[in-house]
Amino acid sequence: MKAYKKTGIVLSLSLAIFILFCSFVGARELAAPESLEIRDTPSDRGDTLLISWHKIPQESEELEYIIYRSASPEGPFEEIERFPTNEKYASDLPQFFGFKKENEEFHAFEVDPIWETKQVKSRTVDGEWKTSSKKNRALLSFYKIGITNGETTVQGEKIVSGTPVQNWFRKNRINGLCFLVIMFFFVLYYISKAQRNPNIFLRMIPGINAVDEAVGRATEMGKPILYSTGYYDISELSTICSVNILAHVAKKVAQYDSRLIVPCKWPIAMTVCQEVVREAYINAGRPDAFNIDDIFSVAGEQFSYTIGVDSIMVREKPAANFFLGTFAAEALILAETGATTGAIQIAGTDSNYQIPFFVVACDYCLIGEELYAASAYLGRNPKLVGTLKAQDAGKLLLFTLLIVGTIMVTFGAFYKDADFLQYIRQFFLVR
Amino acid sequence: MDFFKRKLPLVIVFLTGVVMMISFYVPHTPFNQIWDGASNWYQIIRSFTLVIAVVSLIRSHYRKIKTGKQGWGYSGIMFFVLIVTAVCGIIPDSVHPVFGNKSGSLYMWIFDYVNTAAAATVFSLLAFYIASAAYRAFRVRTIDATIMLVAALIVMIGRVPWGEQFSELITSRISPHLKFLRLDVLTSFFLNYPTAASKRAIYLGIALASVSTSLRIILGIERTYMGGDD
Amino acid sequence: MNIKFIDKLLKIDRRIIFVLVVIAIVIPILFPLNLPVQVTDEVRGVFNEVEKLPPGSTILVAFDYEPSTTPEMEPMGIALMRQCFDKGLKVVGISWLQQAPGNAIKVLSKIQGEYDTKAAEGKREKSLVYGEDYAYMGFQPGWQAMILGIGRDFKGTCKVDYKGNDAFSLPILKDIEKLADFPYLICLHDDSMINHWIIYGHEITGIRIGSMCTAVMAPGIYANLNAGQITGIVGGLKGGSEYEKLLKYRGAATSGMDSQTVIHVLIVIFILVGNFAYLIKEHHLKKERMR
């Protein structure tokens, strides 16, 4: 009997110790991290703060971190964010923390501060005045971390505070700035080089060489030339380049006493085209031959414009069609209709999606940057030729970086902890 | 006069370009406010270009009707449709349910059954033109053309159910090791690798050309947008 | 083979080709083939991203396609809306094309009608409520400037929705301050606006993006997919049919695949016939020259 009693007591004590141990472990699982830190988010306009804390051993997707915020250290704290404990590591924010291996050991999260708001009056579509709140300035905000398993929530003791600060420079964009500065110096250098030596070699672009042929053909046949500057307005670079080429084509047309029709989609592009063609005719000594009605706005909508240009091609039967600029789905419709009229067609676009259609349906096609290079190629202006060479130099630089980067990434697998590799990788990050 | 027509626009472009470049890299006040303000200005100016578009359209079609040019009747139809659509869209539906831009209004009816139908019809012309262009242009004239032809055939057949079934029949069913020869797998390969690589190369070139052209415009080397040469 | 016949074949009247194209498209519509559709990884990239969002999440949908591409894009838009609302997600729409709002309103009205019917039949607890389950901010001008603006301050940039309601008064936008507050953006586009959403949206704010586009645009976006800038591509009618298959229903996109299959085969036949005729002609000319 005594033995049974002893066994019972031992068992009860063991059970009690086991329960205490489990509850202790359970309580340990729900201990909120105390290594909370806060800093201003770098390279921003003072919108957010970065809080970070070391990860705890018991992290899993069943547990969740909760971020609390308050206007004062005494509270009340409100929940602003929650996520599973196995998410949101510093390695997810390489633009702030880089690519160091230790970034996987702590969490980081961008938090909004408390904002002082101001009332702003604005007018609605109905004409009524409505007052709404707008952010004025960020206030000192207090944060703490909690952890929950769905049933129990434990809030951390440590409270951190901060106010976001506007930064003077976006360090994460320094790679772009470096490249821009390099390109700037390339442009200046090659312009001065082109001015000293105007006979810089430029690869032949077949489409551009065919411009003379096309205008001559149209003059012989006594038919007009059609020129389209594309889908976008003058604010797009491709339209500006197209207008550059239009100036050369217009000069040739004026010299050969042919007719140039320029249907435009946008009114501002139309106005610029009118001025460019007028000046080309004046420079060719034929101001009387300029007809402003031949440069007109067809329609602002894509397919209305397409049908308008198609009907011009079918009625007027131009001998040469120029489609230079950015085009969308109307590319093939224009090119095929032009092909049915028997015209020689020269197209050029920076629109990746339409290049295949122009290649198939047109006699000549300028692909991508050839459109941008065409104005330099035609005019041989030293400034334009110089910038074209600067582009090539920039491309050579990019190729070199690509090759060097590929080699570094390949060998970087063997040197994961090398800091300099991580710095280089962070330098080229775009965010 | 030459200063206002030639020099002042260049100064404005230069200053705007430089300030916007600085604002892109400096988030501090006042540059962030300049950036926001410029974005808002750009939105407003873009909206006003729509007004210019309508005014230009009205002017050119009015001139056509006035001079009695060929096709002036269509210009009349254009005016009629313009006025009806604008009136129906601007008047709120509180006046009458036929107005406004909610579903069931005249404005939406014009959009659904005139605009959408006409635009979709013109867009569907592409199907016919692609067929005739494919017949005319896809010829094995050179090695490059042959490669393009073979790739086009593989992608065209690989993207449709019959192609997937047919290629599965002659590859995977014979041996699982031949799966890589399935047309849909080859199509995916073409789209993910050669096509993506060539697109990236073209994008790189266009991006560099955009940087150069933008620098030319900001520095005043490129002046075509003003409507003339040097 | 008679060389005159070959010449005629090479210079065949386009109208004959057009008639054959019409026949190839119309017959499968009248007599459906019910062809099976296989789902690709690119489409799963968008579908799974939406599936893994918890109910109650708010996604941003950019309706950026013009009326001309409605037959190709609308089935995708409808499929996406059905997936979102069946999962209990909320949808905020926005457009930066002037012509796009009509398409967006059409899709949203259609879905609203569908869910009203479902609620009336008892298949759903309640129908969709504008402002709570979905909202549409209408046409927002400014292109890139608009994206930069909403990247910083969504409600301040949009100001009002397409009905004129103050953006700050919409319950669905209560927790939305900026673009990064949306867990996912899906761009329904028929042009290259996805590039601007990537440059000014994803690269600056980190928002994850999915692309639903026309078939012409899809090949150009693979570079972005491989670079991890977008999660997936739903391209053209084929992509739409794959999306419908994932949602286990047969919609307009799947029906359209029958015609697309036949027309693809027809174009392949055209190409083969054209090349056959071309090679015969070349062989004949070579023989003539050697004589």
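Which residues of H3(A) meet which residues of H7(B)? Here are some notes on that and a few other places to look.

1. Ground rules. This is a predicted model, in which local features need pLDDT of at least 70, side-chain atom pairs count only at pLDDT 80 or more, and totals for chains, interfaces and linings use all residues. Residues are numbered from 1 along each chain as its sequence is written, while chains are lettered from A and ligands numbered from 1 in the order in which they are written.

2. The opening question. On the chain A side, Met183(A), Phe184(A) and Val187(A) of H3(A) meet Val211(B), Ser212(B) and Leu215(B) of H7(B). Two residues are in contact here if their C-beta atoms, placed from the backbone, lie within 7 Å. Helices (H or I, at least four residues) and strands (E, at least two) are DSSP runs, numbered from the N terminus. By class, this helix pair brings together five nonpolar, one polar and no charged residues. For the classes, Ala, Val, Leu, Ile, Met, Phe, Trp, Tyr, Cys and Pro count as nonpolar, Asp, Glu, Lys and Arg as charged, and the others, Gly among them, as polar.

3. How those two helices cross. The axes of H3(A), residues 174-196, and H7(B) come within 11 Å and cross at roughly 65°. Axes are lines fitted to C-alpha atoms, for helices over the stretch in contact, and angles run from 0 to 180 degrees between N-to-C directions. H3(A) and H7(B) are therefore roughly perpendicular to each other (under 35 degrees counts as roughly parallel, over 145 as roughly antiparallel, 65 to 115 as roughly perpendicular and the rest as oblique). The crossing is right-handed, a term used if the near helix is turned clockwise from the far one by less than a right angle, with anticlockwise giving left-handed.

4. In total, 43 residues of chain B are in contact with 54 residues of chain A. On the chain B side, helices H2 (31-67), H4 (106-137) and H7 (183-218) each supply at least two residues. H7(B) gives the largest share, 14 residues. Sorted by class, the side of chain B that touches chain A has 24 nonpolar, 15 polar and four charged residues.

5. Domains of chain A. Chain A is divided into domain 1 (31-167), domain 2 (174-193 + 384-427) and domain 3 (199-379); these bounds come from an automatic or database domain assignment. The centres of domain 2 and domain 3 of chain A, taken over C-alpha atoms, are separated by 35 Å. Their contact takes five residues from domain 2 of chain A and six residues from domain 3 of chain A.

6. Two covered helices in chain A. Ten of the eleven residues of H8(A), residues 330-340, are buried, so this helix is largely enclosed by the rest of the structure. A residue is buried if 20 or more other C-beta atoms lie within 10 Å of its own, exposed if 12 or fewer, and partly exposed in between, with C-beta atoms placed from the backbone. The packing partners of the buried residues of H8(A) include strand E11 (225-230) and helix H7 (302-316) of chain A, and also H4 of chain B. Just after H8(A), Gly342(A) takes a positive phi of about 80°. H10(A), residues 369-379, is mostly covered, with ten of its eleven residues buried. Among those buried residues are Glu369(A), Glu370(A) and Tyr372(A). Just after H10(A), Arg380(A) has a positive phi of about 55°.

7. A glycine in chain B. Gly158(B) belongs to helix H5 (residues 143-158) of chain B. With 22 C-beta neighbours inside 10 Å, Gly158(B) counts as buried. Beyond its neighbours within four places in sequence, its contacts include Gly163(B), Ser167(B) and Leu183(B).

8. Chain C. This chain has eleven helices and six strands, and 52% of its 291 residues count as buried. Its C-alpha trace spans about 85 × 45 × 30 Å along the principal axes. Domain 1 (3-31 + 259-290) and domain 2 (41-250) make up the division of chain C, and their C-alpha centres lie 41 Å apart.

9. A helix pair in chain C. H2(C), residues 14-30, and H11(C), residues 252-290, pack at an angle of about 150° with their axes 7 Å apart. H2(C) and H11(C) are therefore roughly antiparallel to each other. Their contact has eleven nonpolar, one polar and one charged residues.
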